[in-house]
2 protein chains.
Amino acid sequence: MKKANKKANAAIVIIGNEILSGRTQDVNVVNISKWLNPLGVRLEEVRVIPDKEDIIIKTINEIRKKFTYIFTTGGIGPTHDDITSQSIAKAFNVSYGYHKEAYKILEKYYGKGKFNEGRKKMAKLPDKAKLIFNPSSTAPGFIIDNVYCLPGVPSILKSMLGGLKNKIVGGKKILSKTINLRTVESEIALSLKKIQNKFNTVEIGSYPFFKQGKIGVSIVIRSTEEDLISDCYKDIENFVKKKNIIVV
Amino acid sequence: MKKANKKANAAIVIIGNEILSGRTQDVNVVNISKWLNPLGVRLEEVRVIPDKEDIIIKTINEIRKKFTYIFTTGGIGPTHDDITSQSIAKAFNVSYGYHKEAYKILEKYYGKGKFNEGRKKMAKLPDKAKLIFNPSSTAPGFIIDNVYCLPGVPSILKSMLGGLKNKIVGGKKILSKTINLRTVESEIALSLKKIQNKFNTVEIGSYPFFKQGKIGVSIVIRSTEEDLISDCYKDIENFVKKKNIIVV
């Protein structure tokens, strides 16, 4: 059994002009984060950067030293604006070229006659990269050191996460419990603050919402310790009762 | 008339555990970016960071020197986890306390009897901050130097952007034109690459899509120069015709 890594954390680097230009709504952060929580890996930073080699290199080299796992999304396709693989190779100062296994997988999938230059480009990876299996569209992602490079298309990315699970060593599952109240934040701010001070290792978040014309506040308690969440929840329930706030 | 700032760029700093935990899907990036494009300001980086003072201070101080405009979202509400204002004050090394104008606005809105501690907290800002008017829920955002602090709730944030327009000095509008093709990226990669090399100041993006069970590729051309977009578009149309690719 792998030894748990209590302090395992992660960052996501989204590589894509289309996110920065407002053309595309990112959804990969939510998907990766929700996948990491039960693995006991805390997502601690996200960066969105353009398809520019110097920026990719600088960002990866800065961030890979700060977090246990780095996930990149985007830029591993066949077109001219897909420059993640060669940029990551430069970041690690390794050569970039055909990856035997990736080449075989792609050649088999497309057939020799249809294995054109664009498709061959997807077999070019940093030297010694390990492949991430792609059950939807074949072109693999790759791992180099602690950097996991995934595609930008959300459905394809999601299909690849399953096969990655056994490569991630995290700590205890990150658990959360939510209580939704028919109130406004300023009415409960003081009580919540006191509870946060009492449970200083628990993460208590307060988020206003508007649903079907009604306002309310979601209180989210997050911790790896079920007991702490439960105790904290009880304290919240107590002040909620005292203040006659409706739970929705 | 204000002098245009051709090189105006921007970064967004999203302050919020709820985005990192996967609980909340961010939509503010798309909204701010789409608002910046016609103002001629290019969004060049996004960071998502947790509600932690030391990280907010470090990130703001690093990023505010690199970009013309910084927009922060989140953390300016009344609860304990709203720590943007005091963290920004520390980043700028200025005092943090009641802002006269903000205090008046909020006191008037809530009425003296209901102006409790949580609500008063929203009147505490970094010294000399200028207010950003909030037409939805009153609690103002603020500007200090080139840092524009906005709330995290998307509808409120959006309502505040209108009043900010005249404070942003950008360059030429960033224009874009899209052509959707019934093809796969690897079939057009080579032709697109040639066009990108010819039009090296134009940003050509290629994005696969899946719609109603059919696959295709969106090609997005982006530039401040309408002529260049038009010329580039014509070249794309030419190879599309030659290759008998259907435009959808």
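Trainee: Which way do the residues of strand 8 of chain A point, and are they buried or exposed?

Mentor: This is a predicted model, to begin with. In strand 8 (residues 147-150) of chain A, A:Val147 and A:Cys149 point one way, while A:Tyr148 and A:Leu150 point the other way. All of these are buried.

Trainee: Why do side chains alternate in a strand?

Mentor: That is simply what a regular strand does: its side chains alternate between the two faces of the sheet.

Trainee: OK. Which strand pairs with strand 8 of chain A in the parallel sense?

Mentor: Strand 3 (residues 69-73) of chain A does, over 4 bridges. In that pairing, A:Thr72 has A:Cys149 as its bridge partner.

Trainee: And in the antiparallel sense?

Mentor: Strand 7 (residues 141-144) of chain A pairs that way with strand 8 of chain A, over 3 bridges. Here A:Tyr148 is the bridge partner of A:Ile143.

Trainee: How many residues sit between the strands of that hairpin?

Mentor: The hairpin of strand 7 and strand 8 of chain A has 2 residues between the strands. A:Asp145 takes a positive phi near 55 degrees there.

Trainee: Zooming out, how many strands form the sheet?

Mentor: 12 strands form an open sheet with mixed pairing. The order is 6(A)-7(A)-8(A)-3(A)-1(A)-2(A)-2(B)-1(B)-3(B)-8(B)-7(B)-6(B).

Trainee: Which are the edge strands?

Mentor: Strand 6 (130-132) of chain A and strand 6 (130-132) of chain B; each pairs on one side only. On average, neighbouring strands of this sheet are turned by 20 degrees against each other, direction ignored.

Trainee: What does strand 6 of chain B pair with?

Mentor: Strand 7 (residues 141-144) of chain B, in the antiparallel sense over 3 bridges. B:Lys130 has B:Ile143 as its bridge partner in strand 7 of chain B.

Trainee: Which strands does helix 2 of chain B lie across?

Mentor: Helix 2 (residues 28-36) of chain B lies across strand 1 (9-15), strand 2 (42-49) and strand 3 (69-73) of chain B. This helix runs at about 160 degrees to strand 1 of chain B.

Trainee: New topic: at what angle do helix 8 and helix 9 of chain A cross?

Mentor: The axes of helix 8 (residues 185-198) and helix 9 (residues 226-242) of chain A cross at roughly 160 degrees and come within 10 Å. That makes helix 8 of chain A roughly antiparallel to helix 9 of chain A. Their crossing is right-handed.

Trainee: Which residues make the contact?

Mentor: A:Ser191, A:Ile195 and A:Lys198 from helix 8 of chain A, with A:Cys232, A:Asp235, A:Ile236 and A:Phe239 from helix 9 of chain A. The contact residues divide into 4 nonpolar, 1 polar and 2 charged.

Definitions and conventions:
Residues are numbered from 1 along each chain as its sequence is written. Chains are lettered from A and ligands numbered from 1 in the order in which they are written. This is a predicted model: local features need pLDDT of at least 70, side-chain atom pairs count only at pLDDT 80 or more; totals for chains, interfaces and linings use all residues. Axes are lines fitted to C-alpha atoms, for helices over the stretch in contact, and angles run from 0 to 180 degrees between N-to-C directions. Angles under 35 degrees count as roughly parallel, over 145 as roughly antiparallel, 65 to 115 as roughly perpendicular and the rest as oblique. A crossing is left-handed if the near helix is turned anticlockwise from the far one by less than a right angle, and right-handed if clockwise. Two residues are in contact if their C-beta atoms, placed from the backbone, lie within 7 Å. Ala, Val, Leu, Ile, Met, Phe, Trp, Tyr, Cys and Pro count as nonpolar, Asp, Glu, Lys and Arg as charged, and the others, Gly among them, as polar. A residue is buried if 20 or more other C-beta atoms lie within 10 Å of its own, exposed if 12 or fewer, and partly exposed in between; C-beta atoms are placed from the backbone. Two strands pair if DSSP finds at least two bridges between them.
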